[in-house]
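This briefing covers strand geometry, pockets, backbone exceptions and salt bridges in one model. Please look at the sequence and structure before reading on.

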Amino acid sequence: MSLLSDLVNLNLSDSTKQIIAEYIWIGGSGMDIRSKARTLPGPVSDPSKLPKWNYDGSSTGQASGDNSEVILYPQAIFRDPFRRGDNILVMCDAYTPAGDPIPTNKRHKAAKIFSHPNVAKEVPWYGIEQEYTLMQKGVNWPIGWPIGGFPGPQGPYYCGVGADKAIGRDIVDAHYKACLYAGIGISGVNGEVMPGQWEFQVGPVEGISSGDQVWVARYLLERITEISGVNVSFDPKPVPGDWNGAGAHCNYSTKTMRNDGGLAVIKKAIEKLQVKHKEHIAAYGEGNERRLTGKHETADINTFSWGVANRGASVRVGRDTEKEGKGYFEDRRPASNMDPYVVTSMIAETTILA
């Protein structure tokens, strides 16, 4: 085992200028993350300098067997915390050989929205609060829970300390540091209300980079739980009953909102979100109706509401924003399994371009 560990941690720079690039993309379900590695002749820092690559789309639910080739376009580079050195992680999106985005490529449309002059001049910032649940391998049940049974009721677990409250902290800390090493704008982590459930925050990050960074942060979490022998669930309601669900609250601001008088702009933006409530709900993640019940710090899925410091509303405005008359707001509707490309670009489209 020590020899295997030595080889896994081998420093390639001692013997070669070549590096390993791990290409990452999103599979056919919209939540399955795929990756494969290739050797490059030397360090690369610009994604436009990276070669495109193909994969078998018939094995990921993204192409038919008789026309299976899908092309990966490198879009963003991150440092690889597993291989380290000059090795990299590469976030990609997927296209047909003719150069058309495949139907599951949500990044392409998002990039077009963020490149619109009216959106670009507003410099939209996002802070995504990604909740997730650590699950026991082989059973669909949170870690630290007795099989078929339940822990004590919610209350002591949120930001809790101790072996009976902070279940899985070693995984959380490993992920936190891996994200920082990779160059992801992770701003914090905390234990959540349900035991075995945690959250990490990415942001503030501008525009399309928010989606890139959340997806790579998810990839790192999947890899770390793979090593740890547990599963990670992004299900918005992993345990039925009197337990909190899992969301991906999206904090959002534009340049105008952050300037003096921004609160009035925020209120107008919220009005626009209310008009398109159904469209946003439909794009905010699968199974969200099990989470947005009006209980457990959520608003009812069918009713739009907003308020200051109200965690039971669809949209929350913070006390500091109200006091200063400028700042940001939080869209609390997105589910934990939402696509950050879809959510971030849709909020910009509705509040700026609508």
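This is a predicted model: local features need pLDDT of at least 70, side-chain atom pairs count only at pLDDT 80 or more; totals for chains, interfaces and linings use all residues.

**Strand pairing**
- β3 and β4 run antiparallel and are joined by four bridges.

**Largest pocket**
- The largest pocket holds about 580 Å³ of space.
- Its lining has 34 residues, and those closest to the centre are Glu129, Glu199, His249, Asn251 and Glu330.
- Strands β6 (125-136), β8 (197-206) and β10 (248-253) each give at least two residues to this lining, with β6 providing the largest share, six residues.
- By class, the lining of the largest pocket comprises 14 polar, 11 charged and nine nonpolar residues.

**Second largest pocket**
- The volume of the second largest pocket is about 490 Å³.
- Ser29, Gly30, Met31, Lys106 and Asp339 are the closest to its centre among the 26 lining residues.
- Two or more lining residues come from each of β1 (19-26), β5 (88-95), α2 (106-115), α8 (277-283) and α10 (340-353); the largest share, three residues, is from β5.
- The lining of the second largest pocket divides into 12 nonpolar, eight polar and six charged residues.
- Domain 1 (3-104) and domain 2 (117-353) each contribute at least three residues to the lining of the second largest pocket.

**Backbone exceptions**
- Most residues other than glycine have a negative phi, and most peptide bonds are trans.
- The peptide bond from Gly203 to Pro204 is cis, with omega near 5 degrees, and Pro204 belongs to strand β8.
- Arg84 has a positive phi, near 60 degrees, and sits in the loop between β4 (69-79) and β5.
- Arg84 counts as exposed because its relative accessibility is 52%, and the cut-off for exposed is over 50%.
- Val123 also has a positive phi, near 45 degrees, in the loop between α3 (117-120) and β6.
- Val123 has a relative accessible area of 22%, so it is partly exposed.

**Salt bridges**
- The whole structure contains 11 salt bridges.
- Glu22 and Arg83 pair through their side chains at 2.8 Å, N to O.
- This pair links distant parts of the chain, 61 residues apart, with Glu22 in strand β1 and Arg83 in the loop between β4 and β5.
- Glu22 is buried at 6% relative accessible area, whereas Arg83 is partly exposed at 31%.
- A network of salt bridges links Glu22, Asp80 and Arg83.
- Arg107 and Asp212 form a salt bridge at 2.9 Å, N to O.
- The pair connects helix α2, which holds Arg107, with helix α5 (residues 208-228), which holds Asp212, across 105 residues; both residues are buried.
- Asp164 and Lys165 also form a salt bridge, with the closest N and O atoms 3.2 Å apart.
- Asp164 is exposed, with 52% relative accessible area, while Lys165 is partly exposed at 27%.

Definitions and conventions:
Residues are numbered from 1 along each chain as its sequence is written. Side-chain values use heavy atoms; hydrogens and water are left out. On a 1 Å grid over the protein atoms alone, a cavity is a set of points where a 1.4 Å probe fits but cannot get out, and a pocket is an open set with protein on both sides within 12 Å along at least five of seven lines; lining residues have an atom within 4 Å of a point. Grid points are joined across faces, edges and corners, and a volume is the space filled by probe spheres set on the points. Ala, Val, Leu, Ile, Met, Phe, Trp, Tyr, Cys and Pro count as nonpolar, Asp, Glu, Lys and Arg as charged, and the others, Gly among them, as polar. Domain bounds come from an automatic or database domain assignment. Buried means under 20% relative accessible area, exposed over 50%, partly exposed in between (1.4 Å probe, protein chains only). Two strands pair if DSSP finds at least two bridges between them. A salt bridge is a side-chain nitrogen of Lys or Arg within 4 Å of a carboxyl oxygen of Asp or Glu.
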